[in-house]
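Trainee: I have not worked with this structure before. May I put some questions about it to you?

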Amino acid sequence: MAACALRRGLLSGVSKYSRKHYHRILSVTDINISFEVYKPRLQCRACGLLGGVPQKRFMSNRPEGKILEPVGVFEAVKQHGKYETGQLFLHSVFGYRGIVLFPWHARLYDRDITPPVKPEPPGAHGSKEVKGKTHTYYQVLIDTRDCPHISQRSQTEAVTFLANHDDSRALYAIPGLDYVSHEDILPYNSAEQVPIQHELFERFLMYNPAKSPPFTPRDTLKAWQEKNHPWLELSDVHRETTENIRVTVIPFYMGMREAQNSHVYWWRYCIRLENLGSEVVQLRERHWRIFSLSGTLETVRGRGVVGREPVLSKEQPAFQYSSHVSLQAPSGHMWGTFRIERTDGSHFDVRIPPFSLESNKDDKAPPAGYTF
């Protein structure tokens with residue numbers, strides 16, 4: 001079972017140099033281990049564990065061979081502005097260690113706080129379009145040591161591409177590459193020159209102690225970002241809450257392939273479900289409606305998502321997964337519902353906010369993947 005950021009990044013005693021603002025971070029590979037809980041200063045949204053001045057120590061059995069490993073020192077969370085390339089962080093929801101590659105500025109369409117201003121898309125009964133607000137997301141690398149412990153994700157990679165050959169259905173993935181919202185970043189610093197284990201870390205970043213953060217982008221990272229910009233760029237984020245279950249959707253255009261004398265357009269979409277309440281619930285069914293510009297309307301219904309029926313509790317309130325969709329038209333819409341079950345056996349439907357599937361206007365070259 002994966003732990004949240006403050007469980008996987010447990011806090012130890014504060015050094016004399018960081019007692020006012022920062023905390024030592026300890027990484028653990030098993031939550032059945034001794035740890036300390038502190039008064040409020042940093043609070044993990046995933047489970048409510050707090051950081052601050054030492055308050056109370058809780059002990060549990062230490063499994064044979066399990067030890068605490070020092071990771072770094074917490075830094076102040078940025079309420080404004082953005083984190084720079086090379087910033088180390090813990091993910092506040094999924095608990096993994098990562099490093100920022102570069103930021104994206106997305107349009108966030110939040111139906112919970114923004115009044116409706118546009119008519120609903122075709123067939124999307126009960127949902128309305130809203131104005132988008134600029135929000136910062138980051139392209140990051142995930143530490144491969146933490147990947148096996150992220151049980152609230154259906155996969156640890158969030159980026160897939162169309163393969164660069166004639167097979168229009170073939171995909172390849174870059175493991176350990178993720179998109180992270182600004183509020184999910186818990187920044188820290190480390191004295192290690194290679195604090196993140198990932199095959200792309202030293203190809204993308206170099207250690208420079210004169211800089212802050214001390215990891216600066218190599219030319220290979222800049223070239224890779226520029227070449228793959230159309231396939232990596234995060235554009236729109238859609239969010240809506242129903243009965244304390246918040247659904248966030250991020251669609252990505254992947255490109256077009258020719259198949260059987262027709263054009264097939266591909267998108268990937270990333271979905272996060274978050275339980276904002278205290279009641280334990282479980283996702284049981286999905287119900288999608290997919291509208292294509294060609295005039296077709298497809299209905300998809302099935303058990304769970306990506307073969308799983310995740311439980312959302314106060315201890316593990318979030319689940320995230322990615323999937324793909326193709327249309328024989330350059331644009332369309334998707335929307336739908338998730339059927340959620342309570343512990344008493346009753347059900348309710350959670351709305352999936354409608355989102356557009358738009359192809360890039362320009363004819364771009366296929367993604368470059370690992371080629372430098």
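Trainee: Which residue in the turn of the hairpin formed by β26 and β27 has a positive phi?

Mentor: This is a predicted model, in which local features need pLDDT of at least 70, side-chain atom pairs count only at pLDDT 80 or more, and totals for chains, interfaces and linings use all residues. Residues are numbered from 1 along each chain as its sequence is written, and side-chain values use heavy atoms, with hydrogens and water left out. Four residues lie between β26 and β27. The one in this turn with a positive phi, about 95°, is Gly345.

Trainee: How many bridges join β26 to β27?

Mentor: Strands are DSSP runs (E, at least two residues), numbered from the N terminus, and two strands pair if DSSP finds at least two bridges between them. β26 covers residues 331–342 and β27 residues 347–358, and they run antiparallel. Gly332, for instance, has Leu357 of β27 as its bridge partner. The number of bridges joining β26 to β27 is 10.

Trainee: At which residue does helix α3 bend?

Mentor: Helices are DSSP runs of H or I with at least four residues, and the bend is the angle between axes fitted to the seven residues ending at a residue and the seven starting there. α3 spans residues 219–232, and Pro230 follows the bend within four residues. Buried residues (under 20% relative accessible area, 1.4 Å probe, protein chains only) of α3 include Trp224 and Pro230. The bend, about 45°, is at Glu226.

Key:
Buried means under 20% relative accessible area, exposed over 50%, partly exposed in between (1.4 Å probe, protein chains only).
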